[in-house]
Amino acid sequence: MFQVRIHGRGGQGVVTAAEMLSVAAFEEGRHAQAFPSFGSERTGAPVVAFCRMDDREIRLREPIMAPDALIIQDPTLLHQVDVFAGIKPDGYLLINTSKSFAQLGLADFVRDRRSERLCTVPATEIALRHVGRPVPNVPLLGGFAAMSGLIRLDSVIKAINDKFSGKVAAGNVAAATEAFNIVREEIAADGQARGGQRGAFSNMGSNSHA
Amino acid sequence: MDKPFAITLDPGSSLANKTGSWRTFRPVYVDRLPPCNAACPAGENIQGWLYHAESGDYEQAWRALTENNPLPAIMGRVCYHPCQGACNRQFVDSAVGINAVERFLGDEAIRHGWAFEKPGKSSGKRVLVVGAGPSGLSAAYHLARQGHAVEIHEAGPMAGGMMRFGIPKYRLPRDVIDAEVRRIVDLGVTLKLDTKVANIAEAMQAGRFDAAFLAVGAHIGKRAFIPAADATRIVDAVSVLRSMEGEEKPMLGRRVVVYGGGNTAIDVARTAKRLGAEEAIIVYRRTREKAPAHDSEIEEALQEGVMVKWLSTIKQAAEGEITIEKMALDDKGFPQPTGEFENLAADSVVLALGQDVDLGLLEGVPGLEVKDGVVQVGPNMMTGHAGIFAGGDMVPSERTVTVAVGHGKKAARHIDAWLAGASYAPPPKHEVATFDKLNPWYYSEAPLQVRPVLDIIRRQSTFEEVVQGLDENNALFEARRCLSCGNCFECDNCYGVCPDNAVIKLGPGKRFRFNYDYCKGCGICVTECPCGAIRMVPEEN
Amino acid sequence: MSFQPVKFYQTGTFTVGNRLLPPEERSVQAQTKRFNSINSGHRACQGCGEALGARYAVDAAMEAANGQLICANATGCLEVFSTPYPETSWQVPWIHSLFGNTAAVATGIAAALKVKQLKGERRDIRVVAQGGDGGTTDIGFGCLSGMFERNDDVLYICYDNGGYMNTGIQRSSATPPAARTATTLAVGDEPGNLFGQGKFVPAIAMAHEIPYVATATVADLRDLEAKVRRAMAIRGARYLHILVPCPLGWGTASHETIRIARLAKETGIFPVFEAEHGELKSVLAIRRPLPVEDYLKPQKRYAHLFAPKARLEVIARLQQLADRNIRRYGLLEGN
Amino acid sequence: MLKQIEGSRAVAEAVALCRPEVICAYPISPQTHIVEALGEFVKDGTLAPCEFINVESEFAAMSVAIGSSAAGARTYTATASQGLLFMAEAVYNASGLGLPIVMTVANRAIGAPINIWNDHSDALSQRDSGWLQIFAETNQEALDLHIQAFRLAEELSLPIMVCMDGFILTHAYERVDMPTQAQVDAYLPKYEPRQVLDPAEPVSIGAMVGPEAFMEVRYLAHAKQMEALKLIPGYAAEFREVFGRDSGGLTHTYKADDAETMVVAMGSLLGTIKDVIDEMRAAGHKIGVLGITLFRPFPIAQVREALHGAQRVVVLEKSLAVGLGGILATNVRMALSALPIDVYTVVAGIGGRPITMRSLHALFREAERDDIDPVTFLDLNHDVVDKQLARERSTRRSGPAAEAILRDIGVVAAKVAQEVR
């Protein structure tokens with residue numbers, strides 16, 4: 001099982017991102033479970049959403065406390081909310097920002113982690129460019145597909161077309177694709193720099209609790 | 001349907017609950033006597049005939065009317081309608097114009113030539129009626145309908161009695177009298193004119209009559225002593241009015257003084273006006289309020305220019321002038337002389353001080369009692385002599401056409417019974433439906449329909465009928481103003497207002513019945529009955 | 001006004017029947033074979049105005065709907081006296097659910113019937129909801145307002161007897177000022193119900209701008225029937241508020257029920273009018289104006305206004321309320 | 001057809017496949033998405049003819065449903081929490097009148113303090129309302145149960161609440177197998193009401209019933225629910241035939257053979273429990289779980305049968321009978337009358353508190369050692385309650401308890417840190 005936790009603010013499509021992620025996983029024949037943090041949704045308030053993916057039925061209903069991946073839709077949350085709570089040591093991190101981890105004050109956090117699993121993408125800018133609204137959720141999914149390799153960009157595009165239609169769908173597809181490419185290049189650059197190999201998900205299909 | 005137990009119920013099941021057991025008082029339908037009927041001297045069932053008129057069935061209305069009174073066209077003109085004085089509608093707006101509707105029906109009957117139904121059987125009895133005035137005609141009509149052979153012996157040349165010789169044409173056109181008399185004659189009554197009965201006993205014997213009804217009018221004018229010069233022309237009112245029916249019209253001069261305050265005085269004064277008198281002055285010793293003449297007649301007379309000296313008596317008469325003395329009412333309301341005098345120019349003085357009856361025909365009849373110039377009769381209208389009945393002006397009573405007609409009917413019933421060796425007992429009268437028994441809310445606003453009146457110029461110069469009849473619309477409207485006091489007219493109120501659906505409607509003409517199985521005795525039907533035809537009575541234990 | 005032009009003066013517009021009218025112009029209640037929607041054997045008090053008003057109104061609605069009618073009924077006197085197991089007085093399909101939900105139940109029925117008609121499973125069937133003033137102006141008011149604002153195809157009839165009579169005569173928001181009830185006793189400085197409280201739901205119904213709002217009393221049958229007929233000719237939310245005197249609660253003689261209702265109207269205490277889409281359309285004019293004392297005096301619930309000493313100032317305030325109605329609705333202007 | 005959709009949407013689609021004729025809607029979290037979707041289907045014409053009525057309260061929602069159902073229409077509504085309580089009078093009325101309304105209850109806590117998150121207090125407060133109550137474990141089961149509910153309600157002429165955990169299921173995107181219209185039509189016959197308001201055959205529904213018959217009316221309601229116990233297994237079997245999967249029924253056991261410790265629970269919590277049991281079984285623990293699908297009528301015989309061989313029973317319930325302990329546990333105890341089995345009440349997850357595998361592992365191990373209280377509150381913050389109790393003992397005007405506790409915790413309820421702690 002692979003568990004993703006998405007942090008953002010009300011109005012940024014956090015819950016939608018989790019849902020679309022589950023749809024993308026479903027498109028690939030997997031079981032997936034997306035759910036929000038079950039609160040009153042208020043624009044601007046910190047929001048969390050979750051997505052589990054597995055090759056068999058997911059029965060677990062607890063919140064994701066030890067995520068395999070974190071998607072941070074709004075970097076201003078980094079110092080307000082304990083977004084990193086429970087993240088696995090080799091977990092993935094995708095942040096919507098045009099800054100570096102150091103600029104974000106995360107130098108200590110990233111120091112001992114696998115750098116190819118730590119990505120940033122300027123999702124808000126991309127969304128503004130393609131969709132016309134500052135909704136970073138869909139480009140981040142493109143970025144997540146590139147970062148994790150767990151889902152294909154095609155599946156993300158299917159999920160987009162499942163959720164949206166017309167110009168909004170097309171804009172989001174373009175945004176997701178651009179983000180996908182940015183992150184892929186980012187990882188490629190990192191790989192070249194480290195000479196290492198990007199890993200697949202070894203823990204897929206097993207329970208993380210014991 | 002397999003319905004859920006107890007929660008879901010079938011319709012009509014509450015009929016099992018007989019709520020009539022809750023009742024301590026029960027409503028019952030009653031018939032009460034309408035005040036108009038109670039007040040009618042002719043005993044008309046006024047409400048009864050109005051009922052038919054309301055639905056536009058005028059012939060049926062006329063037939064109902066003539067059950068009691070054969071002279072509706074006449075009565076519709078000359079009756080002083082005490083019914084209207086009693087009418088409960090006066091407490092709502094104004095009394096129903098019963099008299100106008102009666103006249104309308106009478107005129108309709110003449111116009112359409114409606115005839116009375118002939119009697120089916122003959123009794124074999126013969127009845128002599130003396131006098132073809134209203135009382136005699138009424139008695140003759142009823143007796144004939146009862147199957148008796150009736151002969152009217154009339155002293156005068158024409159039938160009608162005081163209706164013809166005492167009431168001016170402008171109030172009662174003569175063709176109306178003729179038509180209604182003819183209809184009675186057509187029923188099979190023998191009318192012998194110019195046949196004065198000098199002695200009743202002889203007349204009865206000669207004609208082999210089994211009974212007689214005497215109805216001689218008061219044709220003799222009362223005289224009063226007025227000191228007068230020889231040249232002064234003093235005549236009596238009855239003579240003046242009678243002479244109006246002859247060839248020679250009476251010569252009264254330009255200035256006529258009429259002495260008296262009754263209807264006859266008014267009639268003479270108005271007649272004098274029409275004959276060309278410049279002045280017609282009524283002298284009466286009391287006030288207008290105390291005058292026996294009907295106010296409407298006084299009013300019409302005044303409209304026509306008749307003048308009245310109230311509280312005045314004639315002290316003496318000279319040629320071309322009379323002296324009157326002013327009177328004043330004392331504490332008890334009687335006029336007393338004041339010693340104040342006034343002179344009036346007068347070419348003639350007409351005395352209208354009342355009339356007497358010529359009772360000559362009664363001489364020698366044993367058992368008869370005459371008192372104050374009239375024959376005494378029992379409650380059955382029979383004189384002290386068996387088989388001889390009397391009515392109208394001859395007996396102690398108010399002298400009106402209506403009373404006379406009533407006497408005729410009443411006497412006929414008793415004669416009929418007497419001839420059969422029985423006695424007639426009138427049915428007990430219902431309680432009168434007084435206004436407090438009614439719920440007047442339910443009667444819509446409907447003003448009295450005023451009869452048209454002849455224009456004043458023609459009233460002063462011609463003998464054309466002054467008061468005209470109602471047209472059909474107005475007559476119908478007027479009939480429908482009737483409140484039906486005391487008698488169910490099937491307005492459906494009781495049927496509608498019962499909260500327990502405990503009134504059964506039986507259909508047109510059949511009225512209603514209470515369903516005492518469910519009537520809880522609330523009494524709403526009684527309170528909301530417009531005409532007072534329901535009463536609450538205690539339940540017996 | 002919605003009267004037929006009857007020109008038969010003896011029986012006129014005011015009586016239940018009129019033998020001179022053609023049958024089709026006669027009142028529903030005058031018909032020999034009327035529906036008697038609420039049948040004999042019900043357990044209403046003697047002289048019950050609500051039993052009478054209900055038969056008047058539902059019979060008229062049945063006539064207008066050609067018998068295709070379903071009634072929903074609030075808890076209250078009408079429900080209790082008409083349907084104690086194992087007997088019902090209703091001859092129409094009828095449902096009682098709760099005290100405060102009748103308008104909503106009727107909405108549900110109407111919705112179901114609409115779908116069934118679209119499916120061709122049922123004919124066009126109309127819906128009437130009915131309740132007392134407690135079930136309408138108080139506990140049922142939310143559902144009533146909801147039904148109004150959605151313009152659901154329901155005729156709601158309120159039988160207003162000014163209090164909770166079923167439970168023993170307690171005050172409702174339709175109880176008039178100064179009236180004594182079990183919860184506004186005639187004691188203390190201001191005996192009876194307080195002034196400045198209560199609400200007149202017909203006016204609130206008008207504020208919903210529903211197609212039809214009318215008031216009526218059991219004293220004017222023809223007016224009442226005409227209003228039911230008018231209401232039934234319209235689709236959407238309709239409201240009819242009928243004043244139904246309660247002999248028990250008002251302390252009047254059982255035979256006076258209609259008379260008291262008439263006095264309420266004639267004094268101006270209860271305005272009789274109709275409105276369409278929030279606008280006043282016509283009034284039933286006062287025929288014979290009377291002072292409010294004439295209305296108050298026969299009712300024991302106002303006895304404290306007359307004895308042991310007359311409370312003239314209270315009577316004057318009630319007269320002011322009547323005068324305000326007369327002014328506001330133009331009750332003295334022509335018919 | 002497999003779909004990855006939100007639970008609410010899945011239920012809405014399943015309800016639509018049942019061809020409801022009247023739907024009443026009033027917003028209350030967490031059921032809103034269900035009626036929103038149904039409103040969309042009616043408005044866009046995919047569900048027609050159907051009347052979708054936006055009512056002014058839950059009380060009106062149930063009342064409209066009563067009228068609609070009595071007039072013979074297939075009727076649906078949904079609610080939760082305060083909404084269920086607000087309509088409570090009408091809830092009892094619907095069952096009393098025998099009207100087969102189907103209602104989703106998106107289970108949520110009842111205030112005060114106001115709380116929008118999941119537990120079973122709302123549905124269980126209506127356990128004696130005369131409605132049938134079934135609890136869904138997954139979104140697949142939630143949608144399946146709705147289809148069965150219409151069948152069952154209309155056969156019995158009784159209303160049914162289909163309970164699904166608020167947010168946890170209603171807001172979760174999961175894979176479901178959505179049946180086809182043809183499948184649903186084959187399974188669910190046209191509604192033939194037992195009673196209907198009809199001018200052609202007028203009846204009075206809702207009579208006043210006195211002491212002479214009320215007991216009998218109530219007995220019949222009870223007898224009907226007992227009848228449901230017999231009908232449901234058949235309907236579930238028939239469902240399997242038409243739809244090809246197990247759904248519904250009375251109870252389900254998981255790894256119960258030779259279990260010394262049996263856990264009992266309802267709703268979505270069963271999934272987490274099963275994951276824990278898998279791990280414990282792998283570690284050699286003799287533990288199993290009994291899931292209760294049908295709570296009313298309560299399947300006493302099946303519960304007794306499933307539990308009678310265990311040494312102890314741990315009833316894990318998202319509800320609290322204040323002053324007593326558990327609601328579900330009390331029912332389970334009745335099923336186990338006179339059996340020498342310890343029954344532990346564990347109140348867990350109320351007000352939306354996450355029930356984690358970690359807590360369950362610990363709990364079950366303690367239970368195996370009979371080292372838990374008869375009434376246990378899972379993950380109760382004892383420091384906080386002790387502090388408040390002390391405060392109340394010492395200060396007369398101690399103020400509102402919930403607000404004081406929040407101050408003590410120092411965070412707001414919605415704060416992520418709490419959820420992910």
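How many helices and strands does the secondary structure of chain B come to? The secondary structure of chain B comes to 18 helices and 22 strands, where helices (H or I, at least four residues) and strands (E, at least two) are DSSP runs numbered from the N terminus. This is a predicted model, in which local features need pLDDT of at least 70 and side-chain atom pairs count only at pLDDT 80 or more, while totals for chains, interfaces and linings use all residues. Residues are numbered from 1 along each chain as its sequence is written, and chains are lettered from A and ligands numbered from 1 in the order in which they are written.

**View 1. Chain B as a whole.** The C-alpha trace of chain B spans about 115 × 55 × 45 Å along its principal axes. Of the 541 residues in chain B, 52% are buried, a residue being buried if 20 or more other C-beta atoms, placed from the backbone, lie within 10 Å of its own, exposed if 12 or fewer do, and partly exposed in between.

**View 2. The contact between chain B and chain D.** Chain B gives 11 residues to this contact and chain D gives 17 residues, with two residues in contact if their C-beta atoms, placed from the backbone, lie within 7 Å. On the side of chain B that touches chain D there are 7 nonpolar, 1 polar and 3 charged residues; Ala, Val, Leu, Ile, Met, Phe, Trp, Tyr, Cys and Pro count as nonpolar, Asp, Glu, Lys and Arg as charged, and the others, Gly among them, as polar.

**View 3. Strands joined across two chains.** Strand β1 (residues 8–9) of chain B and strand β9 (residues 204–205) of chain D run antiparallel and are joined by 2 bridges, strands being paired if DSSP finds at least two bridges between them. Within this pairing, B:Thr8 stands opposite D:Ile205 in β9(D).

**View 4. Helix α3 of chain C.** Helix α3 (residues 102–118) of chain C has 17 residues and reaches 24 Å from its first C-alpha to its last, close to the 24 Å expected at 1.5 Å a residue, where the expected span is 1.5 Å times one less than the number of residues. The helix α3(C) is mostly covered, with 15 of its 17 residues buried, and is followed by C:Gly120, whose phi is positive, near 75°.

**View 5. Chain A and its separation from chain B and chain C.** Chain A and chain B do not touch, and their nearest C-alpha atoms are 43 Å apart. No contact joins chain A and chain C, whose closest C-alpha atoms lie 27 Å apart.
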